[in-house]
Amino acid sequence: MPAFKSDFLRTMSERGFIHQISDETGLDQLFAKETVSAYIGFDPTASSLHAGGLIQIMMLYWMQQTGHRPVALMGGGTGMVGDPSFKDEARKLMTPEVIQTNIEGIKKVFSNYLTFGEGPRDALMVNNAEWLLPLNYLEFLRDVGQHFSVNRMLSFDSVKQRLDREQSLSFLEFNYMILQAYDFVELSKRYGLRLQMGGSDQWGNIINGIDLGHRLGTPQLYALTTPLLTTSSGAKMGKSMNGAVWLNADMLSPYEFWQYWRNTEDADVARFLKLYTTLPLDEVARLERLGGSEINEAKKILATEITALLHGREAAEQASETARKTFEEGALAETLPTVEADKAALEAGVGILSLLVTAGLASSNGEARRHIQGGAVRINDQSVSDDRRMVTLQDLSPENVVKLSLGKKKHVLVRPA
């Protein structure tokens, strides 16, 4: 990687964000001499982004911190089609109402990372439905469609992989890359954007936009992609045993979010500190040198710093303290995740298998049974060996809760209601 002159690209390079750049020298010169506007697109497929999208949000954060203007593009229009990139099958189509609900949910996260406003460096959030929904189809085909070679589109990895596996690729999805390219040109015309960023799976789509810009007379446009991230053991970022690691607090508590990062594999700690926190690189280097049991201190710092950026410092410190009380003191921390159980049902007795499922510690009775057979389940810190065990009001602690545990790190309080 070359030695960049601009603060933004130097930061991106030093912290491990860069996979490919379409024109390194040209983009570096642009960032060094003027305030650059750049965007990343977010498809509203759920009402929250998950941890896999954090790398993109952090790129926008560093854009603003180095004096440039970040733009978050909501895919209100493209979300009606669905991005086929590297997917095994077509996404289920969403109604405009669902898309709008999802966008409202996603918006909540960005204000924690970006400063929005009307100034030249203030972040923008725009929705591509603004220009895609009013399009006249025949005019679009004539003015834009003529610039796309089907032969070239078939050569993109994201398309080839689907076709090589003889999996259907609908005409609807095939249009997606044309719409994404058109977004880039439209954003350049409307807001002066010069750069599109995204994951490495978006490279072909972004290059399409640069080519379309050439043909339609925009200034030179640029592409920057990040590596496709997995954990050292090969797990996909943003996924845990219990499903997606959501960014919205109403879908995943700050404590559970903190725990996800606390459980980072040793080999990933330094890389994640660079990508997901704002700690200075010399501090990251110091933490990277920690070995043995000291690596756990680095993991706690990683978890707290990432949680503080998303949920605020107070929530992060509270999550850290909850973990300390639970794991180091063996105390019952009232801020552990809580589920409610019907008091009348508890009076009669609730089966441990169904309670584990209700608490989110197992996805099915069969999985819950396997956890018990493996010796991983405890009630109020007492091991459970009988999968027919009933949990009743007699199991309530002095704090009027039942502490349900799976392994050493997953705890849920069951509270009668």
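Mentor: What follows is an account of the sheet, strand by strand.

This is a predicted model, in which local features need pLDDT of at least 70 and side-chain atom pairs count only at pLDDT 80 or more, while totals for chains, interfaces and linings use all residues. Residues are numbered from 1 along each chain as its sequence is written, and side-chain values use heavy atoms, with hydrogens and water left out.

The sheet is open and consists of 6 strands in the order β1-β6-β5-β2-β3-β4, with mixed pairing. Strands (E, at least two residues) and helices (H or I, at least four) are DSSP runs numbered from the N terminus, and two strands pair if DSSP finds at least two bridges between them.

Consider β2 (residues 37-42), where 5 of the 6 residues are buried; buried denotes under 20% relative accessible area, exposed over 50%, and partly exposed in between, with a 1.4 Å probe and protein chains only. On one side, β2 pairs with β3 in the parallel sense over 6 bridges, and Ser 37 has Arg 69 of β3 as its bridge partner. Strand β3 (residues 69-74) is in turn parallel to β4, with 4 bridges between them; here Met 74 stands opposite Asn 127 of β4.

Strand β2 also runs parallel to β5, to which 2 bridges join it, and Tyr 39 faces Gln 196 of β5 across this pairing. Since 5 of the 5 residues of β5 are buried, this strand is largely enclosed by the rest of the structure. Strand β5 is joined to β6 by 5 bridges, again in parallel, and Gln 196 stands opposite Ala 223 in β6. Between β5 and β6 the chain passes through helix α11 (residues 203-216), in a β-α-β crossover that is right-handed.

Finally, helix α2 (residues 24-33) lies across β1, β5 (195-199) and β6 (222-226), at about 100° to β6. Contact here means heavy atoms within 4.5 Å; axes are lines fitted to C-alpha atoms, for helices over the stretch in contact, and angles run from 0 to 180 degrees between N-to-C directions.

Methods: Right-handed = clockwise from strand over helix to strand, strands pointing away.
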